[in-house]
Structures are given as structure tokens and as C-alpha cells.
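Biologist: Let us go through this model and test each label. I will ask, and you give the grounds.
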Amino acid sequence: MTDRLILSPLEFFVRRTRTRFPFRYGIASMTEVPHLFARTKVTVDGKSSVGLSSEGLPPKWFTKDPATTFEQDLPEMLQVINHAAKLAEQVARSQVSFFDFWRELYRQQSDWADARHIAPLLANLGVSLIERAALDGLCRVAGESLHRMLSANRLGLRLGEIYAELGGTQPRDLLPTAPLASCFVRHTIGLGDPLSPADIPAGERVDDGLPQDLESSIREYGLRYFKVKLFADAERDLARLRGLSRILERETGGEFFVTLDGNENFKDFAAFREFWQKAASDPSLRELWRRIIVVEQPVHRDRSLSDDLGAGLRAWAERPRLIIDESDGAVGDLPRALALGYAGTSHKNCKGIVKGIANACLLEKRRRGGERVVLTGEDLCNLGPVALLQDLAMMALLGVEHVERNGHHYYRGLSLWPAEWQDTALAAHGDLYTRHRDGFACLHIREGRVALGSVNTAPFGVTTLFDPSRFERQPMQ
């Protein structure tokens, strides 16, 4: 059975947020971020429910132009979201399956963005925010969890129309038979993050009950998986990696795994290869290097899928497993990356739900065919009680066993939200959240893991419908 939905006009609300301390990545340092909520009403056969999604709008990720300011970039983010919302109202004005809704929304948004030279990653932020709100409402109307909706293909997904080699397959043929009950938290080590308490300047110390440095975070949460961001400056990176390696070996007893994030900072694969080989030959990094799982996006998105860079990549026979992240902005980017010699991609909800499912299915089909491919789960400073839980629901559905999570680290749990929202999250998701000794709700990380039971039984990750209308209404032109 395929559900057919009608979508009501969308509303948007925004809450200004501030991080505990700066999150430095790529060319940006994140401190103040608008968190946007999208709300709609989904109707199926006369039965209706509200659908909700949310997303932080961080600087210099959806686009990475050093010549513009965040104040210049933010209106463009809102423009693509607004355009997608207007398209969605037209596409779903009469009954339509979720897949047909997504396909037409994606097509029209892409055509509009291409004509205006808007990057696919940014354009599809609008599609993703809308499809998440629609999916949330659809799951609530159906009274079913995300996994059950996909198992029965009530979304009407036709994978072969996304990737021809998936023709004749259903999502249940290639996705795990059950969602993961828990996942490991892969802790982000940002470019400016202190590794030990001694690294924190006195004037920058945060005394809010949560760990600030890496060493304290490992002790507090029992972390075992880590994501290390690179400057692409060999001298700085190698010195930092040596200190990092010592801490990881000491604090985890040698039981740890690492992914590296090139942050698009290397000019080409020759530069990254030189760095990789230099680090791999460093005796003090031997243990760290053998525990690297994948390397993420070393080269800028504008060049990373070019034929000449692909030739250099394929010529590097002993290369590590490399994945795309920012380069995975549109349908078709993953198979192109695989053809060039990459090993896979990442999933983030901000890059799309349907696209993410299709990518996971494509990689699983290739894996069963003998290819050494991988799907990782990465973060964009996801915050509960909406965006984080919907993202975790997708990770559980796709079977991603360790997921980069950093919203709980750069923010003070759910303390920026109203007390009743925190109480509601604790009551509905007591396996995922716990009450901190200082009274606020925070992520419950035990032995490096978070539990996903309540996320998996909720409609789309979130059990309770939160009402964002108490925040500032975001006008859309």
C-alpha cells in the first residue's frame, strides 16, 4: 500500500542559538546559529497530522566561499528553503505519493537552482527540510515508525528511477531487516578544540557542568570513536596528531577508531597523498594510522569529482578508503565518485532523505557484488529534540553503527529550549536523554553509545510534537 498525501502551506519559526565555545571547521568558526523549524499539515484519506522538521543553519558548509560573510550567505539559505516550500505546496496540492512528491520537488528545485548557479548542496537543503516535515506528518498519520513505513514501502519509492542499477528492488531488499538498537557516538575533534584541560586558556574555560576538552570527554562518555579534522598544514597537523594519539591510547587503553576529515583543505590528491605518506611513516603515529576507518572529503567540492583528480586518485593504488561528503550534493554524485575511485559517501539528513536511502541501497548492492564500499554517518551540529532524533532514526534505519555527533558537545544539552520541552524529551526518550545533575536534559552517552529504542518506535524519530510557534516567526518572501 502506498500512502497518498496532501500538504498544507508550510510555516517557519526560528530560534537564535549560541554554542558553548566556538566550533572550528574548514574556513568557519561557528558560535551563533539560527535554528529553523518547518511545520506543515499532512492529510491522507481525510486524516491529518502536523509534520515538523528543523535544522541549524551554520556558516560556510552548504557553500564555502571565503569572499562572502555569513550575513550574506544566510539570506540565500532562506531563499532556497522558501522556494522549496512554495514548490511543495504546488506539487502536493492534490493527492500524491511521497516518492512522486519528492521526485517532482527535487526536479523543479534543481532546475531553478541550476539556472541561478546555486550549488546543489544548498539547493537540496530546501528539499530536505520540506521532505522531512512531510515524512514526519505522514508517519504520524499512518501511526507507524519510519522503519515499518520503509519495510512496507508505503512511501512508494521506486529506486530504479533514481539509480538504474537498483531497478526491480525494494528498500527492504537492501536495507537492514531491523533498525539498530544503539550506535556509537563518533566524537568530533574540531580544529580549535582543546585536547586536554591544560590546553584551555583561562579566559576560555567553560564551567557549565559538561566536558570541554577531548580527554575529559573520553572520561565522561566512555568514547571509542573519533573524527579528527585536518588543517592541511603538515607541520600543524602532525604535531597535533601526535598529541592526539598519545591521549587516545592512554584514555581508551588502545581501544579506539578514527576517521579523518580533510575539510576540503587539500588543493589536490597529490598534496593529500604527500601528507598521508608522511604521517604513515611517522613511528609515533603508527598505532593511530592503523585505526583509521575512512578519510572524508580531502579536496574542495568544486574539484573533487573532476576527471583529472579522479585519474590521480585511481593511480594511487595503496590509497586509504576515501569518501565524499560536501561533494554529495545531488543525485548522481555518489556513482560518479565510485567510478573515480572513492569508496562511498556520508549520510546527513540535510542532504536528503530519499537520496540518502537510495545511496545506502546502491552501496549495499555494490558491497554484495564484492566492492569495498562504505556509508558513514556525519553531523552538522544536530540539536534535539527534533533534528537530532530524526537524523538518528535515519542512521538506525540505514544500519550506520558509529555516527559523528557533536551537537551535545558544542551546545549545553537541551538547556537552550524551554523547560517543558526538556521534560517532554526526557519522558518520551528516557533512553536517549538523561537529566544532568544541574537540572537540564542532556544526551545519555554510556560506554560511548546512545540508545535508539525510543527513536525507532517513534513515527519519525520524535515521539511528541513540539510547538515551535512560541519562537520568532521566520518570514519567507
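Biologist: Which residue of β10 is the bridge partner of E296?

Modeller: I323 is the partner of E296 in β10. Bear in mind that this is a predicted model.

Biologist: What makes β9 and β10 a pair of strands?

Modeller: The count of bridges. Two strands pair if there are at least two bridges between them. β9 and β10 (residues 322-324) are joined by 2 bridges, so they pair. They run parallel.

Biologist: How do you know that β8 and β9 pair, and in which sense?

Modeller: The cut-off is again at least two bridges. β8 (residues 257-261) and β9 have 3 bridges, in the parallel sense. Within that pairing, D261 has E296 as its bridge partner in β9.

Biologist: Why is β9 called largely enclosed?

Modeller: Buried means under 20% relative accessible area. In β9 (residues 292-296), 4 of the 5 residues are buried, so the rest of the structure largely encloses the strand.

Biologist: What makes E11 and R473 a salt bridge?

Modeller: The limit is 4 Å between a side-chain nitrogen and a carboxyl oxygen. The E11 and R473 side chains meet at 3.3 Å, N to O. The label therefore holds.

Biologist: Why say that this pair ties together separate parts?

Modeller: E11 sits in β2 (residues 11-25) and R473 in β17 (residues 472-473), so the tied parts are 462 residues apart in sequence.

Biologist: What makes D328 and K355 a salt bridge, and where do they lie?

Modeller: The closest N and O atoms of D328 and K355 are 3.1 Å apart. D328 is in the loop between β10 and α11 (333-340), and K355 is in helix α12, 27 residues apart.

Biologist: Why are D328 and K355 called buried?

Modeller: The cut-off is under 20%. D328 has a relative accessible area of 1%, so it is buried. K355 has 3%, so it counts as buried too.

Biologist: What joins R186, K227, K229, D261, E296, E378 and E404 into one network?

Modeller: Salt bridges that share partners. Across the whole structure, the search finds 46 salt bridges.

Biologist: Which element gives the largest share of the lining of the largest pocket?

Modeller: α12, with 5 residues. The pocket has 20 lining residues, and E364, V374, L375, L398 and G399 lie nearest its centre. Two or more lining residues come from each of α12 (353-368) and β12 (374-377). The volume is about 480 Å³.

Biologist: How many of the lining residues are nonpolar, polar and charged?

Modeller: The lining has 12 nonpolar, 3 polar and 5 charged residues.

Key. Residues numbered from 1 in each chain as written. Predicted model: local features only at pLDDT ≥ 70, side-chain atom pairs only at ≥ 80, totals over all residues. Heavy atoms only, no water. Buried < 20%, exposed > 50% of the residue type's maximum accessible area, 1.4 Å probe, protein only. 1 Å grid on protein atoms, 1.4 Å probe; cavity = no way out; pocket = protein on both sides within 12 Å on 5 of 7 lines; lining within 4 Å. Points joined across faces, edges and corners; volume = space filled by probe spheres on them. Nonpolar A, V, L, I, M, F, W, Y, C, P; charged D, E, K, R; others polar.
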